[in-house]
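Dear colleague,

I am passing on the structure below, and I would be grateful if you could look through it alongside the notes that follow.

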Amino acid sequence: ETMWRLLVLLLSAVAIEARVSFAKSEVLDNVDLQGTNKAAFRCSAGCRIFSPTKTDQIVVIDGAGNKVATLRMLSEVNLAVERFDLPAGSYELKNVGPPNPSFVFYAVEVGAANFETEVHYLDDFLSAFFSAEATGNITLLSTSGTVSFYNFLGFSQLDSLPTIYAAGFDSADACRPVFTARSAVGLSRTAFVVNSPIATVMFDKPADGRWVLVNSDTEGKKQLTNVDSSAVYTTPGYVGCPSVGDALYSLVPPLTKIDADATLTNDTGLHIIVNGDYSIADQADALSLTINDDVMKLYGKNSISKSYDGSKVDVKLAWKKNEKAKDAFAVQIDVSSTG
Ligand SMILES: *[C@@H]1O[C@H](CO)[C@@H](O)[C@H](O)[C@H]1NC(C)=O
Ligand SMILES: *[C@@H]1O[C@H](CO)[C@@H](O)[C@H](O)[C@H]1NC(C)=O
């Protein structure tokens with residue numbers, strides 16, 4: 001009897017770690033090869049596969065058990081000119097190395113939206129410089145589990161500012177962005193970290209700007225140091241796509257808390273906009289967000305959209321990770337001068 005109960009408990013523990021599966025793609029990472037050496041992914045109509053992880057110890061095998069690629073081979077594809085496509089079939093990732101590897105793998109089925117979008121790989125400790133003009137929409141896959149955005153330079157047209165998602169190019173349309181640029185000036189003074197191994201930058205119209213990313217910088221820079229700027233706070237693994245349920249990415253930085261504190265003043269007036277969504281199971285783990293005198297303890301599944309006006313803004317945000325929970329949130333705060 002006890003054995004059965006134990007088994008049932010174990011099975012339900014496994015079931016909680018659902019993979020991040022979208023309508024036309026899947027993102028597999030650490031959790032998918034934990035306690036198992038194989039993980040199937042969808043490719044029934046053919047698919048395009050990506051991985052920035054430089055390892056020979058995770059291989060892609062076809063239905064007959066033949067090796068068709070290693071993650072290292074995928075990481076070495078010159079994405080400026082090539083892609084790695086698989087014909088329709090059944091495939092699995094197989095771990096042939098030590099147990100519980102750290103990796104990220106993105107498989108997009110033929111017929112997915114935005115299929116030809118550019119993809120770039122970000123390696124730990126290396127910075128990369130992108131020109132929005134050259135890339136257009138772009139998906140970034142990161143070996144550190146973070147994508148850090150800063151130095152948004154040269155953006156000038158309001159209708160071609162970036163919107164950033166913690167998902168691949170195929171699913172962005174169905175997801176909530178973690179960042180929406182509100183002005184070219186504000187964008188140039190904004191820097192933030194998205195705690196996800198995958199991020200997509202979308203532009204409604206061809207853009208004219210450039211930006212730099214560093215993905216080893218998990219702490220990020222202090223945000224809201226200027227009256228015209230935005231701040232973005234995301235919990236590790238946040239996806240933002242209703243279709244994935246409570247699933248989170250598991251290749252993430254070891255963040256156990258998020259704390260932020262900023263005070264800005266301008267006598268001619270400030271306008272503050274707060275937008276976010278959260279899924280936090282217990283009141284005890286609530287996200288604490290205070291804007292001036294408005295003290296909020298956010299928990300449950302909901303979104304927030306508020307604005308404030310005044311000559312001074314005090315922002316305090318505090319959250320502690322509950323290791324046992326699948327809690328997640330993303331909050332964007334924009335401050336602009338009204339003078
Ligand atoms: C980026 O993708 C969106 C959504 O598919 C599309 O509307 C837009 O035109 C694309 N932007 C560029 C610059 O191609
Ligand atoms: C306050 O806002 C005005 C109008 O945008 C701006 O010109 C001025 O530099 C700001 N002052 C400070 C201290 O940021």
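Which residue's side chain does a polar contact of 3.2 Å join to that of D228? The partner is S337, where a polar contact is a pair of N or O atoms within 3.5 Å, and within protein one must be able to donate a hydrogen and the other to accept it, residues adjacent in sequence counting only if both atoms are side-chain atoms.

Please bear in mind that this is a predicted model, in which local features need pLDDT of at least 70 and side-chain atom pairs count only at pLDDT 80 or more, while totals for chains, interfaces and linings use all residues. Residues are numbered from 1 along each chain as its sequence is written, chains are lettered from A and ligands numbered from 1 in the order in which they are written, and side-chain values use heavy atoms, with hydrogens and water left out.

D228 sits in the loop between β18 (210-214) and β19 (229-234), strands being DSSP runs of E of at least two residues, numbered from the N terminus. D228 counts as buried because its relative accessibility is 17%, the limit being under 20% relative accessible area with a 1.4 Å probe and protein chains only.

S337 also belongs to the residues around ligand 2, together with V227, N266, T268 and G339, each having a heavy atom within 4 Å of the ligand. A polar side-chain atom of S337 lies 2.8 Å from an oxygen atom of ligand 2; for N266 the corresponding distance is 2.3 Å, and for an N or O atom in the side chain of T268 it is 3.3 Å.

Best wishes

Methods:
Helices (H or I, at least four residues) and strands (E, at least two) are DSSP runs, numbered from the N terminus. Buried means under 20% relative accessible area, exposed over 50%, partly exposed in between (1.4 Å probe, protein chains only).
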